[in-house]
Amino acid sequence: MRSCDREPVISVGLLTAPKIESRTLPDGTFEIENVKIGIGFHWERRERQRFAGNLRVIRDGLMEVAVNDIPLEEYLKSVISSEMNADASEALLKAHAVVSRSWLLANIRKEGDSAYASPQYSAGKPGEEEECVRWYDREDHRLFDVCADDHCQRYQGLARQTNPTAARAVGETRGEVLTFDGAICDTRFSKCCGGRSELFENCWEPVAHPYLTSVADNAGPGERDFCDTDNAEILRQVLNSYDRETPDFYRWEVSYSPGELSALLRRKTGVDFGDIKALEPLERGLSGRIIRLRVSGSRRTMVIGKELEIRRALSESHLYSSAFDASAENGLWVLRGRGWGHGVGMCQIGAAVMGAKGYDYRQILAHYFPNASLTKIYE
């Protein structure tokens with residue numbers, strides 16, 4: 001898939017397993033058993049899922065790979081219903097359709113560009129402090145355009161499409177993407193920015209995008225942050241049932257005993273730091289997310305980054321975000337943080353609140369992606 005002068009058909013990797021269990025249904029759709037969702041996150045689980053389009057099963061060494069070929073606009077109906085509830089507000093669904101469409105087309109277009117190879121690594125020179133910095137983006141997939149899980153975009157088939165509003169939101173924004181300087185924008189989104197969005201280059205490759213700047217998630221100075229809400233009806237729009245297992249996201253707190261923290265870091269990084277003496281932020285982004293964190297132990301000291309590597313190191317799955325402060329209190333290590341996810345681009349909960357307040361999808365997009373233009377690239 002390379003041309004964008006008409007609606008493309010994309011290939012989605014659904015599942016890799018020793019044997020793909022599938023069946024075709026009388027209506028021409030198909031079901032796959034044991035599709036894993038939330039891979040590596042605390043809500044990871046398996047589901048039976050039903051899909052439209054064509055199913056291909058590809059042999060890859062000892063494994064089989066299920067690939068779904070489907071027109072982009074049909075794919076998006078499932079994406080926006082999987083990333084949030086299908087009966088979310090029209091403004092939110094339309095905004096997300098544009099963002100998801102833009103992200104996919106922009107990232108497929110940059111496949112094979114060595115400047116965007118992922119993950120990346122860097123280490124201190126001999127005699128300097130040891131450092132390991134990595135970032136994780138959409139790696140080039142060999143057998144399909146995009147995967148079906150949070151690593152790319154959630155695509156959980158037809159079961160999530162429970163409301164005609166989602167289909168209408170995709171149809172009424174058909175072919176619309178965000179562009180900057182003639183190119184499709186590499187749009188990003190996360191659950192909750194925590195009050196301010198983050199710069200792209202602080203989470204991924206060091207490339208500045210003028211439309212992925214750091215914006216305050218409110219209507220103006222002194223106003224309450226859009227994503228600071230406990231409104232159950234608004235949160236239900238964005239958080240599916242398993243997402244609601246995470247009750248605190250705007251502000252959160254976790255604590256570890258010294259032994260728990262040392263064992264966790266050893267297990268997650270493979271490095272035996274010994275007793276942890278300090279967790280010292282060396283560099284933060286504009287949202288407060290830590291980009292480089294010095295972990296000092298009785299046996300070893302190392303600087304780790306970027307934000308996802310830090311989140312993986314300090315949680316059994318993923319810490320909600322790297323925007324936190326760490327302190328030793330009453331014999332515990334306490335991490336107090338804000339936000340859920342990398343915080344770049346559109347804040348999904350903030351956008352849901354904006355929709356509830358009467359903003360339309362164009363206003364939502366303009367808020368989170370300043371300097372970008374809404375452009376229709378195919379009919």
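Is R224 buried or exposed? R224 is exposed, its relative accessible area being 55%; here buried denotes under 20% relative accessible area, exposed over 50%, and partly exposed the range in between (1.4 Å probe, protein chains only). The model shown in these views is predicted: local features need pLDDT of at least 70, side-chain atom pairs count only at pLDDT 80 or more, and totals for chains, interfaces and linings use all residues. Residues are numbered from 1 along each chain as its sequence is written, and side-chain values use heavy atoms, with hydrogens and water left out.

**View A. The salt bridge of D228 and R224.** A salt bridge is a side-chain nitrogen of Lys or Arg within 4 Å of a carboxyl oxygen of Asp or Glu. In this pair, the N to O distance is 3.4 Å. D228 is partly exposed, with a relative accessibility of 24%, while R224 is exposed.

**View B. The salt bridge of E7 and R174.** The closest N and O atoms of this pair are 2.8 Å apart. Because E7 lies in the segment before strand 1 (9-17) and R174 in the loop between helix 3 (164-172) and strand 9 (176-180), the pair ties together parts that are 167 residues apart in sequence. Helices (H or I, at least four residues) and strands (E, at least two) are DSSP runs, numbered from the N terminus. E7 is partly exposed, at 24% relative accessible area, and R174 is partly exposed, at 27%.

**View C. The salt bridge of R48 and E33.** The side chains of R48 and E33 meet at 2.9 Å, N to O. This pair links distant parts of the chain, with R48 in strand 4 (residues 45-51) and E33 in strand 3 (residues 30-37), 15 residues apart. R48 is exposed, at 54% relative accessible area, whereas E33 is partly exposed, at 24%.

**View D. A network of salt bridges.** Four residues, E90, K94, R168 and E172, are linked in this network.

**View E. The cysteines C192 and C227.** What is the closest cysteine sulfur to that of C192? The closest one is in C227, at 3.8 Å, which is too far for a bond. A disulfide is a pair of cysteine sulfur atoms within 2.5 Å, and by this rule the count is zero disulfides. C192 is buried, with 0% relative accessibility. Another cysteine, C203, is also buried, with 4% relative accessibility.
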